[in-house]
Amino acid sequence: MSVAVPFPTTQPPGYEWFDDEPEFSAADHLALEAPAEIIMLADLGYDADEIATKATPVAASTPFRVLSDEGAAIMRATADRLRTFRKPAGDRIENMVRGGCYRSRWLRDLCTSTELAGHLSAIYGIEVAPHPMALHLGHLNFAPSTIEVGIDKWHHDTLPLDFVLTVTDPAEVAGGRFEYFVGTRHEAAALAAEGKTPPAERTVAPDFPGAGWAIALHGDMVVHRAGPLDELCERISMVNGYVALDTLTDEQSRSVDLMAIDDHQVLFSEWAKMAAWRTTGRLSHLVETMGFEDRDTVIAELEFALEDAQRALDEMRAGKDTIDHYGG
Ligand SMILES: [Fe+2]
């Protein structure tokens, strides 16, 4: 497997490694199984032209096992340790932890595991790598302090691809189901404009058989949420991000939304590296493939190659202090 951007060899200021952690072992801690079914973007109503520009035509999978019993127990203990660093993500999530892979070597090694990325590549049908921005690795959502609102409101993700893993056993959680909308982002936006959220008859809440199970998600394209709890209890999920190694597809990120939630000392450097990796890929493609073209074609191809770096610069300068969602 290739790596998009290597995990940083130094930690950001203020982050320290946990001591006395078990060492991650793919052989002992993973128990990878293939999902029974794959749901395609076309099944959600996306048209072929839109699908063609995206990382993969896959929308989601049914739940599949990721962690062994031993791995699930370490994941839970790691999440419990990271809980102390929880904070809100705007008005979308009340309790979440990002940057945990700069504190837990076990979580870092799970989230950057080549075995796991290879498994996800097979599910998505394309070559993927762990997300270049470490903030998108090992994201944790914890239960809110009230049952009145969703744990994470209806949204599409700020990154292209991810899996959502049960850290707590869903059988021990009252409510808090993960749900996705059998529809497009465009439909969700139209509903939100009328003050509505996806109707129950058009949502799917997959059954996760235990802790350590996940569904793969085309997070940028599938509108989803973690629904409200029926009663207050702990409910933890972990989201790990991936990107397509093919840099010619759309970037499919909303990094500008992260300005409202992430540590700026970490965010901007990670963001710049992602943009630089994408732009390097596109520039190399241009060098390798460009023939003798007319001026307008050359300008268009060079602009396409520089698109991600330019967008990153524009968005970093403009700034944003909210994170988008569709309510609920
Ligand atoms: Fe999400």
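The legends below describe close-up views of a predicted model.

**View 1. The iron site.** The iron ion has three kinds of protein donor atom listed here: NE2 of His155, OD of Asp157 and NE2 of His224, lying 2.1 Å from the ion. Along the chain these donor residues follow the spacing H-x1-D-x66-H. Histidine 155 is buried, and so is aspartate 157.

**View 2. Helix H8 and its packing.** Helix H8 covers residues 264-289, which is 26 residues. From its first C-alpha to its last it reaches 37 Å, close to the 38 Å expected at 1.5 Å a residue. The buried residues of H8 include Val266, Leu267, Trp271, Met274, Trp277 and Leu286. The buried residues of H8 pack against strand S14 (237-244) and against H9.

**View 3. A nonpolar surface patch.** Leu283, Leu302 and Leu306 make up a nonpolar patch on the surface, and their accessible area together is about 210 Å². Leucine 306 belongs to helix H9, residues 295-318. With a relative accessible area of 35%, leucine 306 is partly exposed.

**View 4. Isoleucine 261 in the loop between S14 and H8.** Isoleucine 261 is located in this loop. Its relative accessibility is 6%, so isoleucine 261 counts as buried. Leaving aside residues up to four places away in sequence, isoleucine 261 touches Lys87, Ala89, Gly90, Met96, Arg98 and Ile323. The C-alpha atoms of isoleucine 261 and glycine 319 are 12 Å apart, and the two residues are separated by 58 residues in sequence.

**View 5. The salt bridge between arginine 311 and glutamate 251.** The closest N and O atoms of arginine 311 and glutamate 251 are 2.2 Å apart in this salt bridge. Because arginine 311 lies in helix H9 and glutamate 251 in the loop between S14 and H8, the pair ties together parts that are 60 residues apart in sequence. Salt bridges that share partners also join Arg254, Asp257, Lys320 and Asp324 into one network. Arginine 311 is partly exposed at 27% relative accessibility, whereas glutamate 251 is buried at 10%.

**View 6. Two further salt bridges.** The whole structure contains 21 salt bridges. In one of them, aspartate 69 pairs with arginine 65, with the closest N and O atoms 2.9 Å apart. Aspartate 69 is exposed, its relative accessible area being 63%. In another, glutamate 194 pairs with lysine 196, and the closest N and O atoms are 3.0 Å apart. Glutamate 194 is exposed at 54% relative accessible area, while lysine 196 is partly exposed at 44%.

**View 7. Positive phi at aspartate 20 and glutamine 252.** Most residues other than glycine have a negative phi. Aspartate 20 has a positive phi of about 45 degrees, and glutamine 252 has a phi near 60 degrees. Aspartate 20 is in the segment before helix H1 (26-29), and at 66% relative accessibility it counts as exposed. Glutamine 252 is in the loop between S14 and H8, and with a relative accessible area of 6% it is buried.

**View 8. Alanine 122 in helix H6.** Helix H6 spans residues 114-124 and contains alanine 122. Alanine 122 counts as exposed, at 62% relative accessibility. Alanine 34 is 88 residues from alanine 122 in sequence, and their C-alpha atoms are 8.9 Å apart.

Methods:
Residues are numbered from 1 along each chain as its sequence is written. This is a predicted model: local features need pLDDT of at least 70, side-chain atom pairs count only at pLDDT 80 or more; totals for chains, interfaces and linings use all residues. Side-chain values use heavy atoms; hydrogens and water are left out. Donors are N, O and S atoms within 2.8 Å of the metal (3.2 Å for Na, K and Ca); water is not among the atoms, so sites may look incomplete. Buried means under 20% relative accessible area, exposed over 50%, partly exposed in between (1.4 Å probe, protein chains only). Patches are made of residues with over 30% relative accessible area and no salt bridge: like charges are joined within 9 Å, nonpolar side chains (Val, Leu, Ile, Met, Phe, Trp, Tyr) within 5 Å. Accessible areas come from the Shrake-Rupley method with a 1.4 Å probe; for residues, only the protein chains shown count as cover. A salt bridge is a side-chain nitrogen of Lys or Arg within 4 Å of a carboxyl oxygen of Asp or Glu. Helices (H or I, at least four residues) and strands (E, at least two) are DSSP runs, numbered from the N terminus. The expected span of a helix is 1.5 Å times one less than its number of residues. Contact means heavy atoms within 4.5 Å.
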